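Here are a few exercises to work through with the structure open beside you. Try each task before you read its solution.

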Amino acid sequence: MHDARYESAVLDLLMSHRSIRAFRDEPVPAGALREILRAAQQASTSSNMQAYSVIRVTDRNLRSELAAVAGQQQYVVTCPEFLVWCADMERLRIAAGLEPSDMSCNAEAFTIAAIDAALAAQNAAVAAESLGFGICYIGAIRNDIAKTAALLGLPPRVAPLFGMCIGRPDQAPLMRPRLPVQAVLHENRYDASAYADAVADYDNAHAAYLKERSGGRQSAGWSEQMRERLTRPPRRIGRFLKEQGFELTD
Ligand SMILES: Cc1cc2nc3c(=O)[nH]c(=O)nc-3n(C[C@H](O)[C@H](O)[C@H](O)COP(=O)(O)O)c2cc1C
């Protein structure tokens, strides 16, 4: 499968990722969590702004309230560690000694903060997996983003983006296949001409994956699932972001 000249333990780790949604009832040792967070912090960050914060949620009641926002995904409650990754321009404002009106919190600032948070989180995910833990991102905390922010006591200019469950896996799910690389890689200019074939191939691979995972009960192709996903009413976070001080129209 791999090109034998380009093998590494990191590649093996990245290529074995799968989201974990059932965890053993074992804490993540403090030292392991510290290394995971240090790895997160070492990710690249726009202009060294480090425009994100992480809320470690240890309070069980708070976990239950977040799980309720997240459509009752019970692993939010049962996972040994639950981290909420936030876009954060407020620490920068405080550090720089600025009034809110002195700084820009526009779409670019939000994008920087969201990218910083995602890069740090993915470093944390890979670090955790390298130590034998499993992870699952939880975007569903944005089902009611204002409620999540209130539960976590987030000040203006801080927005919750996604949660992350971490713990020892108590399941070994099948790996979910990805699109063929020619569907996502373009050379010099955007080119959609490879999509039809690539998506057809991927639909077959995805249907086979789902069939195996569900014991034959499901066999939807990826494009069919995406059609359903894209035509559902979306989460609405625009008003919250505006009230939180992010001016996305600018
Ligand atoms: C930002 C983000 C939010 C996600 N939110 C959820 C979620 O709320 N619940 C869940 O079970 N999985 C969630 N996932 C996991 C994805 O469903 C999963 O990564 C994707 O289906 C690919 O599967 P894999 O990670 O097992 O390869 C999320 C992933 C990302 C990146």
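**Exercise 1: Gln50**

Gln50 is partly exposed, because its relative accessible area of 27% falls between the cut-offs: buried is under 20%, exposed is over 50% (1.4 Å probe, protein chains only). Keep in mind that this is a predicted model, where local features need pLDDT of at least 70, side-chain atom pairs count only at pLDDT 80 or more, and totals for chains, interfaces and linings use all residues. Residues are numbered from 1 along each chain as its sequence is written, and side-chain values use heavy atoms, with hydrogens and water left out.

Task: work out where Gln50 is found and what it touches.

Step 1. Look in the loop between α2 (30-41) and β1 (52-56), and there is Gln50. Helices (H or I, at least four residues) and strands (E, at least two) are DSSP runs, numbered from the N terminus.

Step 2. Leave out residues up to four places away in sequence, and Gln50 touches Gln41, Thr45, Arg91 and Asp116. Contact here means heavy atoms within 4.5 Å.

Step 3. Now try a distance: Gln50 and Gly238 are 188 residues apart in sequence, and their C-alpha atoms are 23 Å apart in space.

**Exercise 2: Thr148**

Task: decide whether Thr148 is buried or exposed, and list what it touches.

Step 1. Find helix α7 (residues 145-151), which holds Thr148.

Step 2. Check the accessibility: Thr148 has 0%, so it counts as buried.

Step 3. Skip residues up to four places away in sequence, and you get Leu66, Val69, Ile141 and Pro160 as the residues that Thr148 touches.

**Exercise 3: The whole chain**

Step 1. Turn to burial: 36% of the 250 residues count as buried.
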